[in-house]
Amino acid sequence: MGVTPIFILESGSEERAEIRSSSKGELHPDPSHGWGISPESASVPDGVRHEMPTSTWDRPLARENQENGFGFHGVVYRRCRRRGEPPFAEERRCCLGKRPINRPANERLRNKNTHKSTSAESSCGGGGACAYGLLLSALSLVPIWHYALGACLGAAVVLYRFLECHLFEDLASRLRSSPPKLTFSSSSDVYAAVVSKCRILHGKYLATPWLASPHVQTVFLNFFGRPPSFSYRRQIFRTSDGGTIALDWVLSSDVSGGAFHMESSISKDDTTPIVVVVPGLTSDSCSAYLKHLAFNTAKSGWNVVVSNHRGLGGVSVTSDCFYNAGWTEDVRAVIDYLHNEYPKATLFVVGTSIGANILVKYLGEDGENVPVAGAVAICSPWDLLIGDRFISRGLRQKIYDRALTIGLQGYAQLHQPRYSRLADWEGIRKSRSIRDFDNNATCLVGKFETADTYYRRCSSANYVGSVAVPLLCISALDDPVCTREAIPWDECRANKNIVLVTPRHGGHLAFFEGITATSLWWVRAVNEFLHILHSSPCMHVKKSQTSALHSALESSIDQGPYVNVADGMVAAMGNEHTKDAVVEEETVLQRNPKVKTEETSLDAEKNAHTAGMNSSSEISQNPVGTQSVKPMDVNSSVLRSINQIVRVTRRSIWLLAYIAIVTTWPIIGSALGIVFKGKLKNMLPAVLRRR
């Protein structure tokens with residue numbers, strides 16, 4: 001079948017077929033290609049446009065294409081096809097002088113891209129898989145610094161959430177933030193006369209912007225804190241069991257006028273109020289937050305004394321008795337000493353962290369019988385059992401748990417000789433959590449069945465209802481160490497002497513404020529509360545000076561040696577005492593009023609047997625060495641304790657004696673049977689003896 005060539009020249013939007021004679025004469029298609037006729041007589045199939053222009057050809061277009069390498073002898077043949085082929089077929093079969101005709105540059109580029117796409121699709125295995133290749137190609141065009149910026153932003157968001165930051169919340173609510181929540185009884189005189197006048201407690205607390213996180217605040221307080229610079233006066237206080245407590249003083253005259261000088265001293269007739277500070281978690285007077293409190297309180301005109309725990313403050317442990325989260329004997333001894341030494345000075349007590357737990361427990365144990373005019377508890381753990389569950393719950397809390405355990409192990413290392421003797425030293429060294437430390441030390445030394453027993457007995461939440469002095473409690477809701485779940489809301493609301501303040505933010509003992517973070521919000525709130533309380537009629541006055549003997553009312557576990565769950569102090573009671581020890585019985589005799597002679601004589605006659613039976617157990621439970629106590633003093637102390645039990649329980653002494661005999665009869669009966677066994681056999685008839 002013959003083939004008719006169709007020569008099409010594209011010029012702009014037109015398609016023309018042009019044939020021109022060259023310098024060599026008229027050119028005809030090669031007959032070998034099967035064309036066989038000249039272009040002038042070429043037949044055109046139906047449906048194909050065929051234009052034959054004049055002999056003058058489009059020179060500019062030809063010259064342009066010739067410069068680009070198209071055509072032959074200046075003649076450009078764009079498209080050609082065989083007869084019967086569809087128009088614009090991809091395969092070009094037209095040539096001139098045995099040379100293929102080239103296509104325009106834009107068409108060649110378009111076909112090249114199409115070929116690449118087709119090749120890519122075939123290599124990717126389909127159009128769906130090719131999308132990933134295109135995506136990777138697009139991502140490779142993004143600058144590297146864009147990825148770095150995105151990674152930084154993502155890390156910032158994750159860190160913001162992990163650290164529980166509240167910067168944007170503070171900025172958004174700066175104009176409409178609410179003051180801390182106050183929880184108190186509707187009939188509370190303390191709130192009406194004191195707290196209602198405290199502008200700081202009713203104001204807004206805004207954390208330092210660059211410390212707007214409870215975790216950042218807590219860490220910053222422990223590692224930096226920015227405390228004021230001053231020095232303490234040290235006084236060594238000896239306890240009745242031979243223990244040593246360091247009392248660090250800061251007087252108002254020491255920091256007056258912004259300068260520090262230590263020429264003055266306190267006289268026994270001084271009426272300047274004294275603030276006793278009970279430190280927290282393995283803290284001493286050098287801790288940053290205690291320095292903030294001591295300096296600002298002394299600068300306001302009062303005297304401050306920090307009662308360091310045993311073994312802290314650079315003082316060695318001189319007895320087998322260690323302090324713990326529920327050990328109130330040291331606080332009681334120090335407060336009674338200060339009350340007797342400075343009888344005209346008003347005493348206030350501030351407890352922080354574990355010190356707050358000890359303080360609230362002490363106030364609940366003694367009730368009205370405390371020489372304290374007012375008290376403040378800052379960030380108390382309240383319920384140690386709930387706190388133990390909380391601190392081992394999530395990743396953030398486990399970090400604190402591990403950090404506290406390392407601190408406990410470091411403290412134990414300082415007193416390794418006593419710890420290795422009283423507890424499982426290898427277990428202490430391998431402890432990875434506070435509970436591990438308690439299982440290897442607390443339960444062994446304190447004779448506790450489990451660690452939970454210790455937590456329950458030493459939690460201050462059990463004593464909130466018995467507090468009889470004005471007490472201000474401040475606990476942050478975002479405290480990362482002492483959870484809000486342990487706060488005794490209902491107990492605080494039921495006690496008219498307690499006002500509970502719960503700010504939304506603040507961390508643990510931090511509450512930084514201002515741009516420079518040089519002050520603590522709770523320090524200002526405490527000083528304002530105590531000064532208003534001092535000038536109000538709500539100050540507590542010791543109504544009854546008869547001291548209850550706690551060892552007679554509590555179990556041997558409560559009075560026995562302890563290990564502090566948070567402070568890591570292994571405690572063991574002993575009979576060691578020194579010449580400088582303050583005898584507890586003598587202190588009790590000094591502070592107790594004289595009981596009526598008639599009442600004492602009557603009780604002595606009625607309770608001779610009971611007193612004799614209780615005296616031995618009383619002496620065995622008393623941690624003080626009994627060699628320096630006279631028998632008469634012991635008997636009188638027992639009698640006063642029995643009288644106190646009668647007044648507290650409002651039960652007849654005969655009923656108490658009956659209960660004592662019934663409960664101790666199994667032991668006494670067995671002892672009598674062993675002692676009088678031979679005599680009873682001789683007294684029985686022969687018939688009964690044979691039986």
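Two elements, α3 (127-140) and α4 (144-162), each give two or more residues to the patch, and α3 has the largest share with three residues. I noted that Ile 144 is placed in helix α4 and is exposed, at a relative accessible area of 66%.

Areas come from the Shrake-Rupley method with a 1.4 Å probe, and for residues only the protein chains shown count as cover; buried means under 20% relative accessible area, exposed over 50%, and partly exposed in between. Helices (H or I, at least four residues) and strands (E, at least two) are DSSP runs numbered from the N terminus.

The model is predicted, and local features need pLDDT of at least 70 while side-chain atom pairs count only at pLDDT 80 or more, although totals for chains, interfaces and linings use all residues. Residues are numbered from 1 along each chain as its sequence is written, and side-chain values use heavy atoms, with hydrogens and water left out.

Next I looked up strand β5 (residues 244-250), in which seven of seven residues are buried. Side chains in a regular strand alternate between the two faces of the sheet. In β5 both faces are covered, with Thr 244, Ala 246, Asp 248 and Val 250 on one side and Ile 245, Leu 247 and Trp 249 on the other. Strand β4 (residues 233-238) pairs with β5 in the antiparallel sense over six bridges (pairing needs at least two DSSP bridges between the strands), and Arg 234 stands opposite Asp 248. These two strands form a hairpin with five residues between them, and Gly 242 in the turn has a positive phi of about 95 degrees. Strand β7 (residues 303-307) also pairs with β5 in the antiparallel sense, over four bridges, and there Ser 307 is the bridge partner of Leu 247.

I then turned to helix α11 (residues 354-366), whose 13 residues should span 18 Å at 1.5 Å a residue, in agreement with the 19 Å between its end C-alpha atoms; the expected span is 1.5 Å times one less than the number of residues. Because 13 of its 13 residues are buried, α11 is largely enclosed by the rest of the structure. In the loop between β8 (347-352) and α11 lies Ser 353, which has a positive phi of about 55 degrees although it is not a glycine and counts as buried at 4% relative accessibility. Just after α11, Gly 367 takes a positive phi of about 60 degrees.

Last, I found 16 aromatic pairs, meaning rings of Phe, Tyr and Trp (its six-membered ring) with centres within 6.5 Å, stacked if the planes are under 30 degrees apart, edge-to-face if over 60 and otherwise tilted. The Tyr 205 and Trp 521 rings have centres 5.6 Å apart and planes at 50 degrees, so this pair is tilted. Both Tyr 205 and Trp 521 are buried. With centres 6.4 Å apart and planes at 80 degrees, the rings of Tyr 411 and Tyr 419 are edge-to-face.

Methods: Buried < 20%, exposed > 50% of the residue type's maximum accessible area, 1.4 Å probe, protein only.
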